[in-house]
Amino acid sequence: MPENLLHTIEIGSRITIPGNIFLAPMAGFTDAAFRHICIDYGSNLCYTEMVSSEALARKSLKTKKILYKAENEINYVVQIFSSSWESAVASIKDIIDFKPLIIDLNCGCPVPKITKTGAGSALMRNPDKIGEIVKALTEATDIPITVKLRSGWDFENISFIKAAEIAVKSGAAMVTLHPRTKTQGYSGKSDWSKIKELKKSIDVPVIGSGDLFEPQDCLNMLKETGCDGVMIARGAIGRPQIFKEIKFLAENGVLPEITLEEKVNAAIKHLDLAKKYIGSEIAIKEMRKHLCSYTKGIKGGAAIRNKIVQCNSMDEYKTVLSELMK
């Protein structure tokens with residue numbers, strides 16, 4: 001495997017990201033606890049769950065809590081969604097208090113409650129509006145502004161090249177592409193050829209996303225598309241070790257051995273981190289989905305998952321997880 005697949009990324013003239021393997025923003029998943037453990041395993045840059053710029057402008061405490069940093073988080077990205085440059089700019093003051101490395105504009109979320117407001121992937125139908133928001137943000141702060149795109153609204157409206165070119169002309173310092181349309185949602189296959197096409201079309205770093213479930217997938221995307229980095233989403237849920245695995249595979253040509261003990265210990269550490277950041281009561285609810293994911297692919301995992309969904313305390317979770325070691 002070519003050694004140069006893994007490398008630093010330059011953003012503008014003053015920011016160097018220490019590597020090119022990122023954790024994607026995922027609503028309900030990429031909170032401080034999850035970002036913390038992914039950083040421990042080697043993620044070079046983590047994105048917050050996307051936050052509403054309008055809610056931030058209204059001083060929503062619940063929304064602001066999404067921006068709280070993990071203790072080991074030096075470089076991180078705040079991702080916002082907005083349908084107008086006015087609301088995006090109004091949220092800047094609250095965002096810069098957290099000193100993010102980058103502010104990212106979501107132009108890809110396909111969820112109806114987001115798109116019906118004109119935000120998320122609805123912006124792919126109006127690339128000029130993407131340009132307006134990016135331009136306003138770059139004028140409001142010296143923090144680099146980036147964008148995350150989909151390939152378009154549907155197969156009849158593929159707009160990612162136009163959207164990316166307008167965004168870059170308006171000041172975007174990096175572009176991420178998930179090459180599915182809004183109407184595809186997360187179904188079908190992502191079209192990596194569009195990432196390659198985008199890389200040839202703009203002169204800022206291009207990050208690829210979509211169908212990165214195994215370490216080899218990530219290296220394949222880097223090699224096949226020429227993109228500058230990859231952004232892992234669902235492939236990291238229940239498997240923060242994937243960041244470690246990618247780097248080991250790139251350097252050694254084989255995957256490292258991730259023992260059952262390491263998997264269980266990672267799940268327990270994640271549980272403890274959730275308790276630390278959000279408290280036991282909320283963590284008990286939020287961690288069910290994570291802990292179920294940690295047990296996938298493990299012998300006896302189905303039976304353990306049946307027990308996990310019935311747990312009502314941190315100690316019960318740990319007792320059930322320890323059964324995997326017997």
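**Helix packing and backbone**

Trainee: Is the crossing of α10 and α11 left-handed or right-handed?

Mentor: Good place to begin! Helices here are DSSP runs of H or I with at least four residues, strands are E runs of at least two, and both are numbered from the N terminus. A crossing is left-handed if the near helix is turned anticlockwise from the far one by less than a right angle, and right-handed if clockwise. By that rule, the crossing of α10 and α11 is right-handed.

Trainee: Before we go on, what kind of model is this?

Mentor: Residues are numbered from 1 along each chain as its sequence is written, and side-chain values use heavy atoms, leaving out hydrogens and water. Local features need pLDDT of at least 70 and side-chain atom pairs pLDDT 80 or more, while totals for chains, interfaces and linings use all residues, since the model is predicted.

Trainee: How are α10 and α11 oriented to each other?

Mentor: The axes (lines fitted to C-alpha atoms, for helices over the stretch in contact, with angles from 0 to 180 degrees between N-to-C directions) of α10 (residues 215-225) and α11 (residues 242-252) come within 8 Å and cross at roughly 60°. Angles under 35 degrees count as roughly parallel, over 145 as roughly antiparallel, 65 to 115 as roughly perpendicular and the rest as oblique. This makes α10, relative to α11, oblique.

Trainee: Which residues of α11 meet α10?

Mentor: Contact means heavy atoms within 4.5 Å. On the α10 side you will find P215, Q216, C218 and L219. Their partners in α11 are I242, E245, I246, L249 and A250.

Trainee: At what angle do the axes of α12 and α13 cross?

Mentor: Look at residues 260-278 for α12 and 280-294 for α13. These two helices are roughly antiparallel to each other. Their axes come within 9 Å and cross at roughly 155°.

Trainee: And how do α14 and α15 lie, and which α15 residues touch α14?

Mentor: The axes of α14 and α15 are 10 Å apart, at an angle of about 170°. α14 is therefore roughly antiparallel to α15. From α14, the contact uses I304, K307 and I308; from α15, it uses Y317, V320 and L321.

Trainee: What is the relative accessible area of A302?

Mentor: A302 belongs to α14, residues 301-308. It is partly exposed, because its relative accessible area is 46%.

Trainee: Is K99 buried or exposed?

Mentor: Most residues other than glycine have a negative phi. K99 lies in the loop between α5 (92-96) and β7 (102-107). Its relative accessibility is 62%, so K99 counts as exposed.

Trainee: And D211, buried or exposed?

Mentor: D211, also not a glycine, has a positive phi of about 60°. It is found in the loop between β11 and α10. With 18% relative accessibility, D211 counts as buried.

Terms used:
Buried < 20%, exposed > 50% of the residue type's maximum accessible area, 1.4 Å probe, protein only.
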